[in-house]
Amino acid sequence: MEAAGESLRDTELRLGLPGTDAPEKPASTVTRGGKRALPEDDEEGYAKSNKSSSEEEQGEGDLCCQEPPAAKAQVVGWPPIRSYRKNSLHARKVEGEAAGLYVKVSMDGAPYLRKIDLKVYKGYKELREALDDMFKCFSLGEFPRKEGCSGSEYAITYEDKDGDLMLVGDVPWEMFISSCRRLRIMKGSEARGLGSRH
Amino acid sequence: MTYFPEEVVEHIVDFLGSHRDRNAVSTVCKAWYQVERLSRRNVFVGNCYAIRPERVMARFPWMKSLGVKGKPHFADFNLVPYDWGGFAQPWIEAAARGCPGLEELRLKRMVVTDDDLELLARSFPSFKSLVLVSCEGFSTDGLAAIATYCRGLRELDLQENEVEDHGRQWLSCFPDSCTSLVSLNFACLKGEINTNALERLVARCPDLRSLKLNRAISVESLNRILARAPHLVDLGTGSMMVNHHTEAYHRLINAFLGCKSLRSLSGFWDASSCCLQAVYPVCVNLTALNLSYAPAIQGDDLIKLICLCFKLQKLWVLDCIGDKGLAAVASTCKDLQELRVFPSDIYGAGTTAVTEEGLVAISSGCSKLNSLLYFCYQMTNTALVTVAKNCPHFTRFRLCILDPGKPDPVTDQPLDEGFGAIVRSCKNLRRLSLSGLLTDKVFLYIGMHAEHLEMLSIAFAGDSDKGMVYVLNGCKNLRKLEIRDCPFGDDALLKDVTKYETMRSLWMSSCDVTLGGCRALAAKMPSLNVEIINESDEADEFQENLSDLHKVEKLYVYRTVARGRTDAPDFVWIL
């Protein structure tokens, strides 16, 4: 990994003057790369972000996902973008990093995944409707209308920030949004165990 | 010599619109000067420190429309300290005393306070239009004063200003009797708005044609507004955050279906791809589209949208449109005249950005293109040569390669030849911004071929003083030259000092000019203000203590008939 990191550094695009190695100005606090900052205190991070924003896609899974790379040198006044626009972009970046937003949605048996913005939905009902709509071309049955509805073909589960597979619907919506990392629509026998209410 | 009575001269002069023509007329003789000055209605002052406001008011007492610009362009990029200057106050005060018939005021990059806005609102009974671009220093209280006291206001246009939020009540200050609004743009306001007041205002202004909402305006409110103002021509959508399963979304679809006059769209702050379908019906008539604040709209959904907009003349997007998206623009938007591609990820490596391929595609599809602002991570000479060949009509060409001093990645060469091709091919080029690795050669080309160039922006380029001299010698119509981080020093600065009298201004920062060079310039040219902006610790030292060899961090030189400035802060030295 270290070797890969070093050769990456050679090809790294930097904002410093050509020939300089060390950043001339103190490194920016904004780290680049696809990794969303995992909030230590979810609730606080979420409470601030009642205005939703869409996070810029940062090319997940390539170059820099494994380790947070060195922050780039920031040359004053470069790139030449109006402060208003720069601040606007930066504010949305910060908002976007406060809580989970775009998450992948996979469905067992479907040939491709989808991505949804959790911030757009007001609650579980809307989420289920949206997923229903999105995946109906693949599904044979209906999605569970309420949690724990056994007898349906599918269960909607999610992977939380600890990496555990959880059933959607147990926790309050706000908490769900802040901890959900990806969604998975499970079908058939796998789902049955999760689908029944305890 | 035939004698022309004044009335005839005035009648003829009335046909002249442009400032340049009128300025020329006024220099013919005293009689013509008088006729022209009394009949001038539109006055534009490109640099607020070039002349004292009182002189402008005295010369043009019947002025109806005034435009003033303050800070130098590089202030946009935080290169000019906050309290450098550019105050609107003396202008508004002088106008209040000297030109009470003023109807329109347009200010750019100036400091405007709430007191200024209140004075403005109270001093001009016929005031109709206020346009503030990239200004700061005021709050929503100032807007409240405008709303309250400007009877008959037609236009309030706030473009990218920094406005302090003192509450939502300013909009309610428009009296019930205000029915004259034609254009209202508050997109840059960060705070909440009284939506009830807004909806009622929209409903009672039948002539409203341009409305740009800020991000705080929800889709529900947008729906109600569109229902009351279906005749809008230009719309900034506000948040546009909506889930496509909701009632609100369906109402949005219907609302846009009803907007038959819409030609220009912007905003889309929180719009996601799924709700774009709502605007499909208006796409076919759109001539202007600004998606540069909508990072969530990208990929295939963006392309689908673009493919409907075949009448588009102006497009502003983020670079997440990608080369593929630009190819779609090229094949759809045959009438495109202006394209701006902004970076969406200025802190990162930008794996989803645009490259030279996108620009080449645009150039081959959109032959009417005359204005370009393009941020990218790389550019090649071959691409620029192709672009130059395909699009000879550029009047504005601004290319920003995000990595300063980056060469052509294919050949490892500087981009001299590429930009050279641009200036050779585009005979009407008025504005040019350079980037990438560049030697003195590119400036030789510019000096030789860019005859009509008026504004040139240079960063991290050149090898020696020769570069700057080529430009100053060659570009006869140069008005504004701004340079940062280039190896140009005193020799270049002092080569032809009279040149600066023919220009509006020169900016040089992080170059090699010294205090001695600047002092020499100031001594030779009393018609110029030579400003040193010194923000470092040495600013505490008196100017006399610094040797002539001291490198000047920021230099701003401009012609003026008003010697010096009375409002310069401590760190600005006017030599």
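**Figure 1. Chain B of this predicted model has 20 helices and 23 strands.** Helices (H or I, at least four residues) and strands (E, at least two) are DSSP runs, numbered from the N terminus. The model is predicted, so local features need pLDDT of at least 70 and side-chain atom pairs count only at pLDDT 80 or more, while totals for chains, interfaces and linings use all residues. Residues are numbered from 1 along each chain as its sequence is written, chains are lettered from A and ligands numbered from 1 in the order in which they are written, and side-chain values use heavy atoms, without hydrogens and water.

**Figure 2. The C-alpha atoms of chain B fill a box of roughly 70 × 60 × 60 Å along the principal axes.** A compact globule of 575 residues would have a radius of gyration near 25 Å; chain B has 25 Å, which agrees. That radius is taken over C-alpha atoms, and the globule rule is 2.2 Å times the number of residues to the power 0.38. Of the 575 residues, 60% count as buried. Buried means under 20% relative accessible area, exposed over 50%, and partly exposed in between (1.4 Å probe, protein chains only). Take the contacts between residues at least 6 apart in sequence: 71% join residues at least 24 apart. Contact means heavy atoms within 4.5 Å.

**Figure 3. Helix H8 of chain B spans residues 195-203.** Its buried residues are Ala197(B), Leu198(B), Glu199(B), Leu201(B) and Val202(B). Their cover includes strand S8 (183-185), strand S9 (210-213) and helix H9 (219-228) of chain B. Asn194(B) caps the N-terminal end of H8(B). One of its side-chain oxygens lies 3.3 Å from the backbone nitrogen of Asn196(B).

**Figure 4. Val242(B) sits in the loop between S10 and H10 of chain B.** At 6% relative accessibility, Val242(B) counts as buried. Residues up to four places away in sequence aside, Val242(B) touches Val120(A), Val219(B), Ala248(B), Tyr249(B), Leu252(B), Ser272(B) and Cys275(B). Val219(B) is 23 residues from Val242(B) in sequence and 6.7 Å away in space, C-alpha to C-alpha.

**Figure 5. Met240(B) has a positive phi of about 60°, although it is not a glycine.** Met240(B) is found in the loop between strand S10 (234-237) and helix H10 (247-257) of chain B. Met240(B) counts as buried because its relative accessibility is 0%.

**Figure 6. Ser510(B) also is not a glycine and has a positive phi of about 55°.** Its loop runs between strand S20 (505-509) and helix H20 (515-524) of chain B. Ser510(B) has 29% relative accessibility, so it counts as partly exposed.

**Figure 7. Ser371(B) belongs to strand S15 (residues 371-376) of chain B.** Its relative accessibility is 4%, so Ser371(B) counts as buried. A polar contact of 3.4 Å joins its side chain to that of Arg396(B). A polar contact is a pair of N or O atoms within 3.5 Å; within protein, one must be able to donate a hydrogen and the other to accept it, and residues adjacent in sequence count only if both atoms are side-chain atoms. Leaving aside neighbours within four places in sequence, Ser371(B) is in contact with Gln337(B), Glu338(B), Leu339(B), Phe394(B) and Arg396(B).

**Figure 8. A cis peptide bond joins Trp78(A) and Pro79(A).** Omega is about -5°. Pro79(A) lies in the loop between helix H2 (42-48) and helix H3 (83-96) of chain A.
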